[in-house]
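Please look through the structure shown here with the sequence beside it.

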Amino acid sequence: MQESRRMSQTTKIPATLIPGDGIGPEIVESVVSVLDALGSPFEWDSQYAGMAAIARVGDPLPRETIQSIHHNKLALKGPLTTPTGGGYRSVNVQLRKEFELFANVRPALTLIPGGRFENVDITLIRENLDGFYAAFEHYMPIGDDPHAVAMCAGFNTRTGCHRIIRYAFEYAMQNGRKKVTLVHKANILKALTGIFLEAGKEIAKEYEGRIAFEERIVDACAMQLVLDPGRFDVIVTTNLFGDILSDLIAGLIGGLGLAPGGNIGKQAAIFEAVHGSAPDIAGKGIANPLALMLAAAMMLDHVGKTDLATRLRNAIRITTLEDGIRTPDLGGTAKTRELTQALISRIG
């Protein structure tokens, strides 16, 4: 009995690891090293996607990668580059659709003081499958111009709206949050985002007395975020608005180098940095791994390893604040490996 208990305690959690493109392999290597120092609970199955996969098998999202995630139901992903032309679609969008990752969770928490705002603590929850990113696009020819008119038909489903808004309220309940702000453009896009606002008002009634609810038009929300971000707690919004506002919010805490993200569905979850592959600095050894490091902390929380997630976040805080070790994008001079070693030395 003791032996079986000991084996269960040391059983690793299978997870797919995608190094990605550009700076992806560098920051993934950093994150894996720090997780190993922490006593990583994950058993990695390394796979490829994006340009790295095209170079190997001619496909930006190989069948083997999809099968690995289907099997493991958990992945940590470096940034991917979607090639231009050739009919390739966004690999990130394909992954979200393939695994029905309907919730994109992007927390933003002040880590490094000295910016315009202190103590920013906002979680943006973005609907991941509908909206304009799932739209039908085409051109209409006029005369000799085959691209005279560009047309896009986005959609939001009532089922999708209810699902993501309920997820936001449940997230608020589980994480001790006080308020959910629903962001829309129902004054103009009366059907497309009106259905989202309508669903929000319905669901908010179920949480009255427990979670406060408000709604904001997206342009007003953007203005209020840069004037007084402290008025926001959890934001839930549609696909395109969520993509834009989450980058804005990242700017309030120092940039995309500190912005993690989680794509959550009923059957799988993929964690990533919000930023792109940054090919201009790839191979220079100066990439900031902290966004992906914070995504790994979210992944640890997701699998119930909250103690390890707390230790990881504490190591990041001590290294950047007390030790002052930061990469150039955060005002420091540390190389990726220097920051990695400093984090490992602070794992407590």
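In this predicted model, helix H7, which spans residues 194–204, is largely enclosed by the rest of the structure, because eight of its 11 residues are buried. The buried residues are Gly194, Ile195, Phe196, Leu197, Ala199, Gly200, Ile203 and Ala204. Among the elements that cover these residues are helix H6 (158–174) and strand S8 (179–184), together with strands S9 (212–217) and S10 (234–237).

Strands S8, S9 and S10 also belong to an open sheet of 10 strands, whose order is S2-S1-S3-S12-S11-S4-S5-S10-S8-S9 and whose pairing is mixed. Strand S2 (42–46) and strand S9 stand at the edges with a single partner strand each, so one side of each has no neighbour in the sheet. From one strand to the next, the twist averages 25 degrees. Within this sheet, strand S1 (residues 13–18) runs parallel to strand S3 (residues 74–77), and the two are joined by three bridges; Ile18 stands opposite Lys77 of S3. Helix H6 packs on the sheet, where it touches S4 (103–109), S5 (121–127), S8, S9, S10 and S11 (260–264), and its direction makes about 160 degrees with that of S5.

Turning to the cysteines, the count of disulfides comes to zero, with a disulfide taken as a pair of cysteine sulfur atoms within 2.5 Å. Cys152 is in no disulfide, since the nearest cysteine sulfur, that of Cys161, is 16 Å away, which is too far for a bond. Cys152 is partly exposed, with a relative accessible area of 39%, whereas Cys161 is buried, with a relative accessible area of 2%.

Notes: Residues are numbered from 1 along each chain as its sequence is written. This is a predicted model: local features need pLDDT of at least 70, side-chain atom pairs count only at pLDDT 80 or more; totals for chains, interfaces and linings use all residues. Side-chain values use heavy atoms; hydrogens and water are left out. Buried means under 20% relative accessible area, exposed over 50%, partly exposed in between (1.4 Å probe, protein chains only). Helices (H or I, at least four residues) and strands (E, at least two) are DSSP runs, numbered from the N terminus. Contact means heavy atoms within 4.5 Å. Two strands pair if DSSP finds at least two bridges between them. Axes are lines fitted to C-alpha atoms, for helices over the stretch in contact, and angles run from 0 to 180 degrees between N-to-C directions.
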